[in-house]
Amino acid sequence: YAYDTGGNYWSGGYTDSIGNYQIKGLPPGNYKVLFYPYELDNYAVEYYGYPRNFNYRYQWYKDKDTFSEAEVVPVTLETPATGIDAVMTEDGGIIGGRITDGNGSGIGGYVYVMPSMDNPIDWYGWSYTDAAGNYQVRGLPAGSYIVLFTPSTSTYYRREFYDNTTDVDLATRVTVAEGQTVTGIDAVVEH
């Protein structure tokens, strides 16, 4: 995915069978490139049936964890930017848990994981819950994260941050090391 240096999304592309890609249609300017393993996206898992048994880490060019750290890629009309490559590694962290109601019944919804609310570009992952309310967000770079639980809008439960607050400033951050799985990051949501 290509973002201008102001954080605005411009375009994206897919890799072919040997990992080559092109991002087309960009006007001249400076961009930052996010390598996002699409197979980690729950839409791809459900719609295309991709397995979810791998853990490729999200990364910005050039092996950076955040938008602000990413190297700038200049694009001109005369010369396409080439050599903007990434080596995807299966060393991402995993955050997992369960969303339930006060009676312990699983709640459907989404879970978002981000290092801060200040820069929405640097959200790192999200996941649907299964029918029992279980979730796993994979592919996380080592770091400290805010976890946002968003129950399905058809349930009328309020969204909340971990650990049981609606105030992001009071959210308990979850720390994940490279390749580490952190479980028990649960939410009991209320109406």
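**View A. Thr129, a buried loop residue in a predicted model.** At 13% relative accessibility, Thr129 falls below the 20% limit, so Thr129 counts as buried. The model is predicted. Thr129 sits in the loop between strand 8 (125–128) and strand 9. A polar atom of the Thr129 side chain lies 3.2 Å from the backbone oxygen of Ile107. Leaving out residues up to four places away in sequence, Thr129 touches Ile99, Ile107, Gly108, Gly109, Val111, Asn134 and Tyr135.

**View B. The largest nonpolar core.** This core has 28 residues. Ile95, Tyr135, Val147, Phe149, Val174 and Ile185 touch the most other members. Two or more residues each come from strand 6 (93–100), strand 7 (109–114), strand 9 (134–140), strand 10 (143–151) and strand 12 (174–176).

**View C. Contacts of Phe149.** Residues up to four places away in sequence are not counted here. Phe149 touches Ile99, Tyr110, Val111, Tyr135, Arg159, Glu160, Phe161, Tyr162, Ile185, Asp186 and Ala187.

**View D. An aromatic cluster of Tyr1, Tyr3, Tyr9, Trp60 and Phe67.** The structure holds 10 aromatic pairs. In the pair of Tyr1 and Tyr9, ring centres are 5.8 Å apart and planes meet at 55 degrees, so the pair is tilted. The rings of Tyr3 and Tyr9 have centres 5.6 Å apart and planes at 70 degrees, so this pair is edge-to-face. Tyr1 is partly exposed at 27% relative accessibility, and Tyr9 is partly exposed at 44%. Tyr3, at 14%, is buried.

**View E. Lys32 over the face of Phe67.** Lys32 lies 4.6 Å from the ring centre of Phe67. Phe67 belongs to the aromatic cluster with Tyr1, Tyr3, Tyr9 and Trp60.

Note on methods: Residues numbered from 1 in each chain as written. Predicted model: local features only at pLDDT ≥ 70, side-chain atom pairs only at ≥ 80, totals over all residues. Heavy atoms only, no water. Core = buried A, V, L, I, M, F, W, Y, C linked by side-chain atoms within 4.5 Å. Buried < 20%, exposed > 50% of the residue type's maximum accessible area, 1.4 Å probe, protein only. Helix = DSSP H or I, 4+ residues; strand = E, 2+ residues; numbered from the N terminus. Contact = heavy atoms within 4.5 Å. Polar contact = N/O pair within 3.5 Å; in protein donor to acceptor, adjacent residues only side chain to side chain. Phe/Tyr/Trp six-rings, centres within 6.5 Å; stacked < 30°, edge-to-face > 60°. Lys NZ or Arg CZ within 6 Å of the ring centre and 35° of its normal.
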